[in-house]
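Subject: Handover of a structure and the findings from it

Dear colleague,

Please find below the structure that I am passing on to you.

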Amino acid sequence: MSEHHRVAIVGATGAVGNTLMSILEERAFPFASLKLLASHRSAGEILTFKDQPIMVEELTHNSFDGVNLVFSSAGSSISKEFIPTAIGKGCLVIDNTSAFRMDADTPLVVPEVNMDAAIRHNGLIANPNCSTIQMVVALKPIYDRVGIKRIVVSTYQSVSGKSGSAVLELVDQTTAALEGRPIEPDKFPHQMAFNVAFDWPFTDGGDSEEEMKMVNETRKILEDDTIAVSATTVRVPVFFAHSESINVETEDKLSADDARQLLSESPGIVVMDDPASRKYPLAVDVAGRDEVFVGRIREDRSIENGLNLWVVADNLRKGAALNAIQIAEMLDGISV
Ligand SMILES: NC(=O)c1ccc[n+]([C@@H]2O[C@H](COP(=O)([O-])OP(=O)(O)OC[C@H]3O[C@@H](n4cnc5c(N)ncnc54)[C@H](OP(=O)(O)O)[C@@H]3O)[C@@H](O)[C@H]2O)c1
């Protein structure tokens, strides 16, 4: 890998930005310089990287001078405004927001699934939605082995998938509820403490925007518009890691035993599947881990070729920051 990267993190003070910094440090990602960018609200704040203080700067169109690799995670509107400038200044941008994911000439990449798409980038690579990433990591080996006709997925998404401040609000709401004080939701549309809720804007068809991201992004990543995808996305009062119940109808038969074997040999996946010993992935155990965990692998006996899976991953790591860093690492490996 190369030391030539001059990195900027846009949204460095946020949940994804913080995780990007941690993972760059953990993996000893090689770079010559690191610029931390956020809004005027946190300009001047000091963050620590490898025990060194770095001052957060306000994002402006001049921020990309002297930078050649940008990890962007400050929301879709910020990406739309600033990414063209970064690309114009010769940067490679890996964007965690939804701003450009469905653009035809922007690769939407999960390294275990479609790294070949990343090579065709024009200065921008999009990271998929967190709930899509963990699902396609788990399903790609099955897709390759027996084909997939239809996916029915229900998610149980943690509040850190919304933002760092949503985590703090769940703490506040939970404390208020336990102390018998009234709960006044701020970031969430509903009470989130001790509740299971719908947390995304709805489209005209009645699906939420998050549900449509799972449908459209899955087809784009697998390059297969024939796959039927039905998603129901749900927010649960969990701090970190998204869980998903996935029912998949395959073209050809794959037994539960064969699926277990196949997935345990596939990149980025840990199979944890021994229900008799109460071993299956749980959000509290998967938080902080890099892999996508799969358990409760069962044949769905209600159809001819069906499987049920329980898939859990850390939304801030594999669902966002880690996936972005893996893309950069693998591009380095490829270009050597
Ligand atoms: N959280 C996840 O699991 C996850 C997963 C996949 C993708 N994403 C996407 O990643 C993005 C960030 O998510 P997050 O959870 O990290 O949100 P967050 O915790 O709310 O952080 C937002 C970051 O954006 C910065 N920001 C906001 N307005 C800005 C502006 N006008 N100029 C420059 N910086 C600005 C904030 O800086 P200040 O501190 O100055 O406000 C903060 O650093 C979102 O688009 C989200 O959809 C998140």
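In the residue classes used here, Ala, Val, Leu, Ile, Met, Phe, Trp, Tyr, Cys and Pro count as nonpolar, Asp, Glu, Lys and Arg count as charged, and the others, Gly among them, count as polar. By these classes, the lining of the largest cavity has 8 nonpolar, 2 polar and no charged residues. A cavity is a set of points, on a 1 Å grid over the protein atoms alone, where a 1.4 Å probe fits but cannot get out; a pocket is an open set with protein on both sides within 12 Å along at least five of seven lines; and lining residues have an atom within 4 Å of a point.

Please note that this is a predicted model, in which local features need pLDDT of at least 70 and side-chain atom pairs count only at pLDDT 80 or more, whereas totals for chains, interfaces and linings use all residues. Residues are numbered from 1 along each chain as its sequence is written, and side-chain values use heavy atoms, with hydrogens and water left out.

The cavity

The structure holds 1 cavity of 30 Å³ or more. The space in the largest cavity is about 40 Å³, a volume being the space filled by probe spheres set on grid points that are joined across faces, edges and corners. Its lining includes Val10, Phe64, Ser72, Ser79 and Val93. Helix α2 (76-88) and strand β6 (69-72) each contribute at least two lining residues, and α2 gives the largest share, 5 residues. Helices (H or I, at least four residues) and strands (E, at least two) are DSSP runs, numbered from the N terminus.

The two domains

The domain assignment, which is automatic or taken from a database, divides the protein chain into domain 1 (6-127 + 320-335) and domain 2 (132-315). In their contact (heavy atoms within 4.5 Å), 17 residues come from domain 1 and 18 residues from domain 2. The C-alpha centres of the two domains are 25 Å apart. Between them the domains bury about 1400 Å², 64% of it on carbon and sulfur atoms; buried area is the accessible area (1.4 Å probe) that two parts lose on being put together, summed over both.

The largest pocket

About 1200 Å³ of space lies in the largest pocket. Of its 46 lining residues, the closest to the pocket centre are Ser73, Ala74, Gly75, Lys162 and Ser163. Domain 1 and domain 2 each supply at least three residues of this lining, which divides into 14 nonpolar, 22 polar and 10 charged residues. Among the helices that each supply at least two lining residues are α5 (164-178) and α9 (317-335).

Salt bridges

A salt bridge is counted when a side-chain nitrogen of Lys or Arg is within 4 Å of a carboxyl oxygen of Asp or Glu. The count comes to 17 salt bridges, and 3 are found across the interface of domain 1 and domain 2. Glu217 is in helix α6 and Arg101 in the loop between β7 (92-95) and α3 (111-118), 116 residues apart. Arg27 forms a salt bridge with Asp290, with the closest N and O atoms 4.0 Å apart.

Backbone

Most residues other than glycine have a negative phi. Ala28, in the loop between α1 (15-26) and β2 (33-38), has a positive phi near 50°. Asp51, in the loop between β3 (46-49) and β4 (52-55), has a positive phi of about 65°.

Yours sincerely
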